[in-house]
Amino acid sequence: QVQLVESGGGLVQAGGSLRLSCAASGTILRINAMDWYRQTPGKQRELVATITSGGRTNYVDSVKGRFTISRDSAKNTVYLQMNSLKPEDAAVYYCHAYIVLPVFGGSEYSYWGQGTQVTVSS
């Protein structure tokens, strides 16, 4: 079974940095894309950053220039480097992946991690 496990969350002062990691494990043929979402209480889950198998990245406007998403394909791991953190960045951050499993010639499934808390103090 495929599992996504996030790590790296914590408490940081405004202006500080954190690096989130999300490792996918299981019998994986390939990962088509990996993403980071975030969610605060009472709010919809927000797509923060994406990275495709080809390395193309996209970011929500509010984090452009501050956050960087990257991958280590050999480790099936995605990272989110968060710099110049602001209080409004505080949320539970979830990784997500579109993963192709070696069934039926290769079938894509959507997986979510359990989330990691990011708290930004001012």
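Which residue in β9 does Tyr-37 stand opposite? Tyr-37 stands opposite Tyr-94. The sections below place this pair in the whole chain.

## The model

This is a predicted model, in which local features need pLDDT of at least 70, side-chain atom pairs count only at pLDDT 80 or more, and totals for chains, interfaces and linings use all residues. Residues are numbered from 1 along each chain as its sequence is written, and side-chain values use heavy atoms, with hydrogens and water left out.

## Overall build

The protein has zero helices and 11 strands. Both kinds of element are DSSP runs, numbered from the N terminus: helices are H or I with at least four residues, strands are E with at least two. From the N terminus on, the order is β-β-β-β-β-β-β-β-β-β-β. The radius of gyration is 14 Å, close to the 14 Å that the globule rule gives for 122 residues, so the protein is as compact as a globular protein of that length. That radius is taken over C-alpha atoms, and the rule is 2.2 Å times the number of residues to the power 0.38. Along the principal axes, the C-alpha atoms fill a box of roughly 50 × 25 × 25 Å.

Buried residues make up 40% of the 122 residues. Buried means under 20% relative accessible area, exposed means over 50%, and partly exposed lies in between (1.4 Å probe, protein chains only). Take the contacts between residues at least 6 apart in sequence: 54% of them join residues at least 24 apart. A contact means heavy atoms within 4.5 Å.

## Strand β4 and its partners

Strand β4 covers residues 30-39. Seven of its 10 residues are buried, so β4 is largely enclosed by the rest of the structure. Nine bridges join β4 to β9, and the two run antiparallel. Two strands pair if DSSP finds at least two bridges between them.

The hairpin of β4 and β5 has six residues between the strands, and in it Gly-42 takes a positive phi near 80°.

## Strand β3 and its partners

Strand β3 (residues 18-25) is joined to strand β1 (residues 3-7) by five bridges, and they run antiparallel. Leu-4 has Ala-24 in β3 as its bridge partner. β3 also pairs with β8, again antiparallel, over six bridges. Cys-22 stands opposite Val-78 in β8.

## Residues in the loops

Is Asp-89 buried or exposed? Asp-89 is buried, with a relative accessible area of 1%. Asp-89 sits in the loop between β8 (77-82) and β9 (91-101). Not counting residues up to four places away in sequence, Asp-89 touches Arg-38, Val-63, Arg-66, Phe-67, Ser-84, Val-118 and Val-120.

Two other loop residues have a positive phi without being glycine. Asn-76 has a phi near 50°. Asn-76 lies in the loop between β7 (67-72) and β8, and is partly exposed, with a relative accessible area of 24%. Phe-104 also has a positive phi, of about 50°. Phe-104 is in the loop between β9 and β10 (107-112), and is exposed, with a relative accessible area of 79%.
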